[in-house]
Amino acid sequence: MERNFETVMLEQCAPVLASLKPGGLFRYETRDSADLARRVKNWNVQLEPKGLRVRVLKGCVLTHRYLVYVYRANRLAAVLQDPAVRNFLARTGYRLPRQGQPWQTLLDQLSQRLCCEGEFPHEIGVFLGYPLPDVEGFIQNRGQNFTCCGCWKAYGDPEAAQRHFDQLRKCTAVYLRLYHSGTPILRLAVAA
């Protein structure tokens, strides 16, 4: 059963719209790939003034499943320019853009890894705004030995992680309540 694109986007990406995270990802199923392309294009036109972008990172016309990525370009660029993140991405095989090259080439490489590699690219966590120690901890521990589990598996201070997870959950609940009460997504999206 196909679910409403906007509802799924809000359920999974409210913290991105609220500027609490640089990126969010959701799976969307549709038999109408042309409609999905129109929706993505339309949302990019509407959300671009607020600093948000929407992109399909992976799609399959046979299964009708797509991974849609919503992100704040300026916040994601800051994450991807962090020296520790750049070092991590280089160690995991990413070709880092040179001075003057667009950082979006890293998104192209992530998309290619999602589509072409047999193993899921867990480094996607940095693109979603997960703390680097949590992303590295997940990879090193193969998803085990975490200190706290919420929106992702945390490997540091469990109380701090739980406070952050609670903040993200509360944001999503508030945004869904407002949306279902008639507030349009464009009004919910914070300009940043």
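Student: Which helices and strands each supply at least two residues of the lining of the largest pocket?

Tutor: Rolling a probe the size of a water molecule over the atoms shows where empty space is left. In this predicted model, local features need pLDDT of at least 70 and side-chain atom pairs count only at pLDDT 80 or more, while totals for chains, interfaces and linings use all residues. Residues are numbered from 1 along each chain as its sequence is written, and side-chain values use heavy atoms, with hydrogens and water left out. The elements that each supply at least two lining residues are α1 (5-17), β1 (23-29), α6 (124-127), α7 (132-141) and α8 (158-180). Helices (H or I, at least four residues) and strands (E, at least two) are DSSP runs, numbered from the N terminus. β1 gives the most, with five residues.

Student: What is the volume of the largest pocket, and which residues are the closest to its centre?

Tutor: The largest pocket holds about 650 Å³ of space. It is lined by 27 residues, and Leu 25, Leu 128, Tyr 130, Cys 151 and Trp 152 are the closest to its centre. A pocket is an open set of points on a 1 Å grid over the protein atoms alone where a 1.4 Å probe fits, with protein on both sides within 12 Å along at least five of seven lines; lining residues have an atom within 4 Å of a point.

Student: How many lining residues of the largest pocket are nonpolar, polar and charged?

Tutor: There are 14 nonpolar, seven polar and six charged residues in that lining. Asp, Glu, Lys and Arg count as charged; Ala, Val, Leu, Ile, Met, Phe, Trp, Tyr, Cys and Pro as nonpolar; the others as polar.

Student: Which residues line the second largest pocket?

Tutor: The second largest pocket, of about 180 Å³, is lined by Arg 113, Glu 117, Glu 119, Phe 120, Pro 121, His 122, Glu 123, Phe 138, Ile 139 and Arg 142. Four of its lining residues are nonpolar, one is polar and five are charged.

Student: In what order do the strands of the open sheet stand?

Tutor: In a regular strand the side chains alternate between the two faces of the sheet. Here three strands form an open sheet in the order β1-β3-β2, with antiparallel pairing (two strands pair if DSSP finds at least two bridges between them). β1 and β2 stand at the edges, each with a single partner strand, so one side of each lacks a neighbour in the sheet.

Student: How many bridges join the paired strands?

Tutor: Seven bridges join β1 and β3, and Phe 26 stands opposite Val 68 in β3. Eight bridges join β2 (residues 52-60) to β3 (residues 65-72), and Lys 58 stands opposite Leu 67 in β3. β2 and β3 form a hairpin with four residues between them, and His 64 in the turn has a positive phi of about 65°.

How values were computed. Points joined across faces, edges and corners; volume = space filled by probe spheres on them.
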